[in-house]
Amino acid sequence: MSKIKIINALVLTMDTINRILSDTTIMIENDKIVDISRTADDDNSKQKSEKRDDIDDIDVIDARGMIVMPGLVNCHVHTVQTLFRGVASDGLELLPWLQEYIYPMESVMDREEVYVSSLLGYAELIRSGTTTCADMQSVRHTDKAFQAAEKIGIRATIAKAMMDNEESVPESLLENTSDSIRESERLIKQWNNIDNGRLRCMFGPRFIQGCTTKLLKEISEIMNIENIGIHIHAAENLQEIENDMKRYKKRSIEILDDLGIVGPKSILAHCIHLSDAEVNILSKKKANIVHCPTSNLKLASGICDVPKLLEKRINVTIGADGAACNDNLDLFKDMKLAALLSRISKGSETFATSAMDILESATRAGAKALGMLDRIGSIELGKKADLVLVSLCNPEMTPLFNIPNQLVYATDGHNVQTVIIDGKIILKNRKLTHIKETDLISDSQSMAKRIAEKSGIDRKMTNLNS
Ligand code: GUN
Ligand code: FE
């Protein structure tokens, strides 16, 4: 049995009453939190006396000078795009960005490149405090993303992107409807609930425009029978919505609702441009939305009215989106931006999101969206040990009056020292324990160059060679 004992901890529990505990010991056995109690004096003396038989098999972590918090849940990321960071930098909105850069690069990626891009993304996520992510991959080689997640130790719910609409998808990524469903079902069979439930699988119809009605309908029918969720982009960009309107004579969320896609098992990324009727559908159907503030600003998509959605009791989670449109997967940065953008929200004059609201979005709400609130999202007895230790011993975290304030506005992921996922230490004193970071960085650099060359994107990037 593996045991970890965290002593002298200042714990932001994110439990239902958001308790903050000081001088606390958290006992972890295998993958679970089995005890939370006051740190006793003899814990400290045991910690100091080296090589005592009864503690030899326990990893003791002294958390003095740190906040212990639940691992962050990033509900929308594309780790397959991590090697595209910085490629399409400025002046592009969603649809030309996809057609001119993202699709050409995704379409040339081989299995090894998908593996390295995903591994690089997971490394960045873990190093900045994310323990769980919902990852939408490309149409091919999704096994390699699962293998990367398996290797590095992150908790991941991964979806293969599904794209079968020949009106909008380039031939190089276009799938046949039944092949797309068959491949998703194969991935579900092979990977869902693998590694003690750490790896899970979802359907990933990319967005309305990329899919046929038949594909969306069939997915919703399968979802009704099997306990599998769906990860989709929705209502992100005005041109995209206009295209949806031309095709269906309805707004995006209305289309998805009519097709049976909107519900508690759906995570809908962005949801920026919504009519009141669409907000009501999301609320009534208990759908989960993912706010991706940096991506929404970088692609000039707009600002999601989070206070309005929260007022309607919609489950709002946070996502970094991909490195190709963020360009950083540190969820602390997206939490800060989410909190700040809510100040200029048009939704309500009386309701602005607090730092604690945003922390809830990035922990418990994310866990709920992925159907895992009974296991993750807070530090509570019996839950999985997915924890992050954030250092307070630096100027930007001093003085300490208000913990939620400090975590949302003052820090970023660089203060994350140690990360535990499923009861295993995955980051120790800022070093990843399951992979060699130096190899990953050199592989990433050469493969990113290879992808840019293969796709011809290198010729568009004047700044790379100048
Ligand atoms: N809509 C469809 N595909 C994508 C994607 O890869 N990124 C973003 N931000 N929006 C999308
Ligand atoms: Fe996205």
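**Exercise 1.** For this predicted model, state what percentage of the 466 residues in the protein is buried, and characterise the overall fold.

*Solution.* Step 1. Buried residues account for 54% of the 466 residues, where a residue is buried if 20 or more other C-beta atoms lie within 10 Å of its own.
Step 2. The secondary structure consists of 17 helices and 17 strands. The radius of gyration is 22 Å, close to the 23 Å given by the globule rule for 466 residues, so the protein is as compact as a globular protein of that length.
Step 3. The C-alpha trace spans about 70 × 50 × 50 Å along the principal axes.
Step 4. Of the contacts with a separation of 6 or more, 74% join residues 24 or more positions apart.

**Exercise 2.** Identify the domains of the protein and describe the side of domain 1 that touches domain 2.

*Solution.* Step 1. The domain assignment gives domain 1 (3-70 + 383-432) and domain 2 (72-369).
Step 2. The centres of the two domains, taken over C-alpha atoms, are separated by 31 Å.
Step 3. Contacts link 24 residues of domain 1 with 26 residues of domain 2. On the domain 1 side, helix 15 gives the most, with 5 residues.
Step 4. By class, this side of domain 1 has 14 nonpolar, 4 polar and 6 charged residues.

**Exercise 3.** Determine which helix supplies the largest share of the shell around ligand 1, and classify the shell residues.

*Solution.* Step 1. The residues surrounding ligand 1 include His-78, Arg-206, His-233, Glu-236, Asp-321 and Cys-325.
Step 2. Helix 2 (residues 94-108) provides the largest share, 3 residues.
Step 3. The shell divides into 5 nonpolar, 4 polar and 3 charged residues.

Note on methods:
Residues are numbered from 1 along each chain as its sequence is written. Chains are lettered from A and ligands numbered from 1 in the order in which they are written. This is a predicted model: local features need pLDDT of at least 70, side-chain atom pairs count only at pLDDT 80 or more; totals for chains, interfaces and linings use all residues. A residue is near a molecule or strand if its C-beta atom, placed from the backbone, lies within 6 Å of it. Helices (H or I, at least four residues) and strands (E, at least two) are DSSP runs, numbered from the N terminus. Ala, Val, Leu, Ile, Met, Phe, Trp, Tyr, Cys and Pro count as nonpolar, Asp, Glu, Lys and Arg as charged, and the others, Gly among them, as polar. The radius of gyration is taken over C-alpha atoms; the globule rule is 2.2 Å times the number of residues to the power 0.38. A residue is buried if 20 or more other C-beta atoms lie within 10 Å of its own, exposed if 12 or fewer, and partly exposed in between; C-beta atoms are placed from the backbone. Two residues are in contact if their C-beta atoms, placed from the backbone, lie within 7 Å. Domain bounds come from an automatic or database domain assignment.
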